[in-house]
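Reader: I have not looked at this structure before. Please take me through some of its parts, one at a time.

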Amino acid sequence: MAGETIKTVILDNSGIRRALTRISHELLEKNKGLSDVVLVGIQSGGAYLAREISLCMEIIEGERVPVGSIDITLYRDDFKQQAPHKSVGKTDISFSLEGKRVVLVDDVLFTGRTIRAALDALMDHGRPCCIQLAVLIDRGHRELPIRADFVGRNVPTSLKENVEVIFDDQQQPVEVVLEK
Amino acid sequence: MEFKHKDIIALRDLGKEEIELLISTAENMREVNSRDIKKVPTLRGKTIINLFYESSTRTRTSFEIAGKRLSADTVNIAPSNSSATKGETLADTAMNLLAMKPDIIVMRHAVSGSHYFLSKKVGCSIINAGDGAHEHPSQGLLDMLTIKDKFGRLDGLKVAMVGDITHSRVARSDIQGLTKMGSSIYLAGPPTMMPPGVERLGNVTVCNTMKEAIQDADVVIMLRIQQERQGKTLMPNTREYSRYFGLNPENVKWAKPDAMVMHPGPINRGVEMSSYVVDGNQSHILKQVENGVAVRMSMLYHVCGGGNVE
Amino acid sequence: MNLLIKGGRVIDPSQGIDDTLDVVVENGLVKEIGKGLAAPGGAEIIDATGKYVVPGLIDMHVHLRDPGLEYKEDIISGTKAAVAGGFTSVCCMPNTKPAIDNKAIASYIINKAKSDGFCNVFPVGTITQGMHGDRLAEMGELKESGCVAVSDDGKPVKNSELMRRALQYAAGIGIMVISHAEELELVGEGVMNEGFTSTELGLKGIPRVAEDIATAREIMLAEYVGAPIHIAHVSTKGSVRIIREAKARGVKVTCETAPHYFTLTDDAVRGYNTNAKMNPPLREADDVAAIKAGLKDGTIDCIATDHAPHHLDEKDVEFNEAMNGIVGLETSLPLSLKLVEEGLLTLPQLVEKMSCKPSELLDLVRGSLKAGCVADISVIDPAKQWTVTEASLASKSKNSPWLGETMVGAAAATIVAGKVVFSGR
């Protein structure tokens, strides 16, 4: 191994909370309230964050929006290159997407390929009125024409680095670390 | 856990964790089958050949649907419209099919072990859709998924299996799989249909009577009496068979009150099972069929990845 | 051609010899056995130090496939395999195409073997015409033309009345009947031994009782008519017990087993190995133990190979489709020597079972190194290590379950009528 991995905390717990609260406000502002808004988190980090955002919105508006989760394994574009497969995660969207304002939630936005897969997956579930994207971290290096509507924090990175959102046993976000 | 096999020929060849992986993937595959657009692009560009040397409606259709839901191109070949009737050997048929670059061959064949033979000849993935009296792994997996759906677990369950064990590939796959997952299997059937040493196949108890097997069982799996297989010497007739080894509303009560009743199909109503049980509220037979598609999607998905192992 | 075989351990049960001695061969006959013998004029000298020198081994049960199935084996390749395995004589079974049920076929085999073969070939004629099991074959003429026994090997004579008459008729002529003992109804569509392995592999089983019942029937018929009978390829515990009891009663029954029946169990079938598919099938551990006990106590008289060559196309197929049988001529000697190493048999006992007994049973006038006897001699290197490969087998067919395995023991020289026809691998 060429040297040890250095981990730096770039966002601590209260930082994450503030970011999610801001995203919730922006989201409500942009959509002029809760009407027809649904959240869909990408497994697994995005799904945890979607739930957090829905709680923030409930505190602000006093009402809960539907939250679902989506697993994009079956929609990946690197299927051929993949080594032996792990299990497929759970997709759980118990409400119709027809005509909804879908906010897709992920933890880290990087190449955009995961989002591409998620968009395809969402479309197979129905025809939403619109899809918006909320991410906790945008680390750049897009390989597809994809842009987030709501960003917790922009973190310039190099390709050698890795950004990871750490969750605890209760699937609560703990911190965001940068590994180099 | 990753799936590192190119082929799925027998549950005997798989470990507990691999079986768990196939089942858990199948659980999550079901979401695809429940929506309006029942298709995902996962196996786009893959070609699957369903090579069925024995007739089958359910299994072949299920594999075909599974392949199509994963966006693979599926082609069905049955011996009646293939070269097999022209005297071509299995190896030659396979080599010729291979020249057309399939990614997976799903085969059903009357000869036990023919998939191992095929696997040595071809480079693509092989899935066993039933070989002789050896195994029927997709049926074993879907049975386990169906049981897990009801009880949330497979360990510690008493599973009774009644019928012609000797000729049953379903029985062998169920025994192999369920034993690995921690269930106890109790077999009943005429001694003429009980193969020697079957208790050594797994956590198996051979019972003298149907009552002994079914008593307090969580699951009762009835096997098909295949008149073409049993010949003339294994039982007097279906009437007597049904009297001693058929499942009916009376003897199903020997099992636990919430016991589930299963059958791999096709059913001989009134022989191994009375219609009252087939259509009764303990029957999970159609659930088995439904789970079959998800299980086969899981198998197709995982052998494709397993084929990437160097 | 004259020979001096020097300094080997000469084992000749016919004379009670087991000592380090020289053997002199002159004009195709054994001239003398003794210590420090001089080479006769123009003699080739074979140094047999550290080797066994024994009466030429006889395999009383092989399939040479000639005429008719020469793509599997023929008289030339089959006898070449025989001498490579240390055999100086083989008895070939009549399930050729056409079958050896008449003088013409028997003569063809004898003549072809004499002109082109490497060792003695003694044909076995059929019991019934065309092996169809309806009418007796012309046993008188078969014997006259050189057949040393009759057998419908490959299938049993199903009809008990016909078998009874065959035994009586053959006894009158003075020709041995070799029985393929199998009850076909019990065999059904079985493809391997019925037991735990067949259950696990989902293959149709052949119960051991299918052989036991047939063995018992043959013995009862032979006992009833007072005729001799030889049971081929004994594979089960039950057969050994039935034969042992019959011998104790004085029934004129003899039998043979094959190396695979005392070496392998049906575990060898795992992986659906068609080179472990034969008839009778490989059995279980207790059968192997019983076969060994039968060899030790003399219940089993002979070791024969049931050498059954099959083309790759007939073996490289699904298990049920594969033909029954394995090649055995070249692996018999090392596998049988193991019995000596295990202390089950003495070397002289092994030589009896592989040479003296078959000669005696079929009246081959061999199996001895007495002065004046035909100089059929096998020189065996008991320490020679070699690996069974497709290339190392002289047989046309390569259907051996021991491919890739290392054997200990091999023929160092095979001498037929004083002529060295093989001189080591």
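Reader: Does C:Tyr272 count as buried or exposed?
Author: The model is a predicted one. A residue needs 20 or more other C-beta atoms within 10 Å to be buried. C:Tyr272 has 24 C-beta neighbours inside 10 Å, so C:Tyr272 counts as buried.

Reader: Where is C:Tyr272 found, and what is its phi?
Author: C:Tyr272 is part of the loop between helix 9 and helix 10 of chain C. Most residues other than glycine have a negative phi. C:Tyr272 is not a glycine, yet its phi is positive, at about 55°.

Reader: Where is C:Pro67, and what is the omega of the peptide bond from C:Asp66?
Author: C:Pro67 has its place in the loop between strand 6 (57-62) and helix 1 (75-84) of chain C. The bond from C:Asp66 to C:Pro67 is cis, and its omega is near 10°.

Reader: What is the phi of C:Asp363, and how exposed is this residue?
Author: C:Asp363 is in the loop between helix 13 (347-362) and strand 16 (377-387) of chain C. Its phi is positive, near 60°, in a residue other than glycine. With 13 other C-beta atoms within 10 Å, C:Asp363 is partly exposed.

Reader: Which residues is C:Arg9 in contact with, leaving aside its neighbours within four places in sequence?
Author: C:Arg9 belongs to strand 1 (residues 3-12) of chain C. C:Arg9 has 19 C-beta neighbours inside 10 Å and therefore counts as partly exposed. Once neighbours within four places in sequence are left aside, its contacts are C:Thr20, C:Tyr52 and C:Val53.

Reader: How many Å apart in space are C:Arg9 and C:Ala322?
Author: In sequence, C:Arg9 and C:Ala322 are 313 residues apart. In space, from C-alpha to C-alpha, C:Arg9 and C:Ala322 are apart by 43 Å.

Reader: In what order do the strands of the open sheet in chain A stand, and which are at the edges?
Author: The sheet has 5 strands in the order 3-2-4-5-6, and their pairing is parallel. From one strand to the next the twist averages 25°.

Reader: How many residues of chain A are in contact with chain B, and how do they divide?
Author: The contact involves 16 residues of chain A and 22 residues of chain B. On the side of chain A that touches chain B, the residues divide into 6 nonpolar, 6 polar and 4 charged.

Reader: Which helix of chain B gives the most to the side that touches chain C?
Author: This contact takes 21 residues from chain B and 16 residues from chain C. Helix 3, helix 4 and helix 6 (169-180) of chain B each supply at least two residues of the chain B side. The most, 3 residues, comes from helix 4 of chain B.

Reader: Which residues of helix 4 of chain B are buried, and what covers them?
Author: The buried residues of helix 4 (residues 114-121) of chain B are B:Ser114, B:His115, B:Tyr116, B:Phe117 and B:Leu118. Their cover includes helix 3 (90-98), strand 3 (104-109) and strand 4 (125-131) of chain B.

How values were computed
Residues numbered from 1 in each chain as written. Chains lettered and ligands numbered in written order. Predicted model: local features only at pLDDT ≥ 70, side-chain atom pairs only at ≥ 80, totals over all residues. Buried ≥ 20, exposed ≤ 12 C-beta atoms within 10 Å, placed from the backbone. Helix = DSSP H or I, 4+ residues; strand = E, 2+ residues; numbered from the N terminus. Contact = placed C-beta atoms within 7 Å. Pairing = 2+ DSSP bridges. Axes fitted to C-alpha atoms, helices over the stretch in contact; angles between N-to-C directions. Nonpolar A, V, L, I, M, F, W, Y, C, P; charged D, E, K, R; others polar.
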